[in-house]
Amino acid sequence: KTAATAYDVVIIGGGPGGYNAAIRAGQLGLSVACVEMRETLGGTCLNVGCMPSKALLHASEMFEAANTEFAKIGIEVAPKLNLDQMHASKNESVTALTKGIEFLFKKNKAVWIKGKGRITGPGTVEVEAADGSKTTLSAKDIVIATGSEPTPLPGVDFVPGKVVDSTGALSLPAVPKKLIVVGAGIIGLELGSVWRRLGAEVTVVEYLPRITPGMDSDLATAFQRALTKQGMSFKLGSKVTGSKVTDAGVELTVEPAAGGAAETLTGDVVLVAIGRRPYTTGLGLETVGVQTDKRGVIVGDHFKVAPGLWVIGDVTTGPMLAHKAEEDAVAAIELIAGKAGHVDYNLVPSVVYTFPEVAWVGKTEDQLKADGVAYKSGKFPFSANSRAKINHETDGYAKVLADAVTDRILGVHIMGPQAGEMIGEACIAMAFGGASEDIARTSHAHPTRSEAVKQAAMGVEGWTMQA
Ligand code: FAD
């Protein structure tokens with residue numbers, strides 16, 4: 001048996017949590033190895049998550065614009081879909097991004113150890129390579145960044161090309177005639193939008209009586225209306241209890257969530273997108289006495305699970321988002337290096353990259369009401385924003401919620417084109433403890449959509465003026 005290779009920090013998982021941790025550790029002069037079992041770095045986000053989904057969202061949005069919007073502004077074209085090329089372009093971007101992480105590893109002296117990592121005791125990780133060979137690493141600190149996987153739906157087995165998860169839905173070889181999406185969360189609605197734009201008839205089945213839980217309900221209603229107008233159908237308050245794959249496609253058994261007669265929906269492809277769950281299979285947590293909660297989450301205290309053992313990203317508490325994993329990573333490594341590290345999950349923005357986009361940060365109105373917080377609200381529609389009007393993109397609005405007494409901003413909610421870009425200013429304002437008056441009295445360039453955020457903040461003060 002050879003001696004273990006020793007590092008200051010060994011990170012298990014090379015997604016946005018793991019790779020940012022590795023890079024930050026390298027920057028701080030710590031010797032660091034990152035164990036990743038995929039063929040490429042970047043985790044779910046770069047390989048089968050954020051990036052390929054955004055590539056398809058962008059391409060399909062342009063295809064739809066070419067089909068429906070171009071003629072209105074005087075551009076006549078006859079668009080034809082080349083799905084193979086769309087996938088090739090997506091794959092090319094993904095490869096460039098994952099190679100970019102490899103480059104950053106080299107630049108920051110972080111070592112990528114390819115294989116599956118298993119904790120075998122305090123401070124030791126055994127890595128099994130694809131060929132079965134094993135190496136042992138020792139570390140002063142181990143960081144668990146193993147991420148998450150799609151949650152399966154009981155009674156609905158995955159069948160390649162027919163009943164798929166998000167990974168399958170990112171690479172369908174042909175546009176399905178009928179696509180049924182189970183789950184009206186962000187991933188289901190983004191991928192449902194992609195295939196609808198490319199020609200599929202899309203029905204979304206959701207257990208709850210509303211779409212996108214977690215989104216301000218006022219915004220969720222407006223968002224559902226926008227998606228319905230685009231041709232997406234919704235079956236809310238409905239429970240999927242079983243599926244049967246036939247030559248013709250997939251038969252789904254659906255019942256009202258409140259009870260009642262079952263019905264059968266048929267589609268060519270079913271996308272199951274009911275959420276994601278932490279991934280800890282074969283990680284050896286039992287060897288260090290670590291237990292997960294009943295949803296499989298490893299719970300840390302300021303990322304610390306036990307002496308010398310840390311956890312970040314999707315596998316721990318907080319929103320399952322790439323930028324949250326990145327913040328966790330930096331905070332955890334800085335704590336390991338003896339510095340201060342903290343992440344405020346209330347200030348992690350959420351974005352749905354559909355058209356229009358929906359983005360928000362802080363509290364929803366529903367939460368403020370439930371918590372009994374006295375608040376003021378200002379709202380401004382894009383139909384009154386000059387840039388949105390000129391671009392014929394007037395669906396949606398910006399809403400600012402502020403404390404009724406102190407005027408401190410409590411939440412900002414935007415539905416509109418590029419809402420994901422606009423939410424950044426709200427995050428900054430809130431991180432600085434800003435008041436709605438701070439946004440209202442800050443000059444925003446004209447004509448830009450961000451003026452809608454300023455106008456909504458002015459609405460809190462009662463002096464919105466642009467129309
Ligand atoms: P992951 O990215 O899941 O990385 C974990 C890595 O650990 C994986 O590569 C895995 O192979 C590896 N691993 C696990 N166990 C071991 C082991 N024992 N040994 C070695 N390696 C191991 N988030 C956003 O913020 N914006 C978006 O637009 C967005 N879009 C998404 C779209 C889709 C379709 C999906 C599925 C997700 C999306 N997400 C998005 C969520 C985002 O991908 C995750 O929040 C993010 O990837 C979490 O990062 P992580 O590092 O915690 O885990």
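Which element gives the largest share of the shell around the ligand? It is H2, with four residues. This is a predicted model, in which local features need pLDDT of at least 70 and side-chain atom pairs count only at pLDDT 80 or more, while totals for chains, interfaces and linings use all residues. Residues are numbered from 1 along each chain as its sequence is written, and side-chain values use heavy atoms, with hydrogens and water left out.

**Around the ligand**

- Among the 39 residues around the ligand (a heavy atom within 4 Å), Gly 17, Glu 36, Thr 44, Lys 54 and Gly 117 come nearest.
- For polar contacts (pairs of N or O atoms within 3.5 Å), a backbone N or O atom of Gly 117 sits 2.8 Å from a ligand nitrogen.
- A side-chain N or O atom of His 323 lies 3.3 Å from a ligand oxygen.
- The protein covers 95% of the 1000 Å² of accessible area that the ligand has on its own (Shrake-Rupley, 1.4 Å probe).
- Elements giving two or more residues to the shell include helix H1 (16-27), strand S2 (32-36) and helix H8 (322-336); helices (H or I, at least four residues) and strands (E, at least two) are DSSP runs, numbered from the N terminus.

**Strand S6 and its partners**

- Strand S6 (residues 134-144) pairs with S1 (residues 5-12) in the parallel sense over seven bridges, where pairing takes at least two DSSP bridges; Val 9 stands opposite Asp 141.
- S5 (residues 124-128) and S6 are antiparallel over five bridges, with Thr 124 partnered by Ser 138.
- In the S5 and S6 hairpin, Gly 132 takes a positive phi near 90 degrees.

Notes
Polar contact = N/O pair within 3.5 Å; in protein donor to acceptor, adjacent residues only side chain to side chain.
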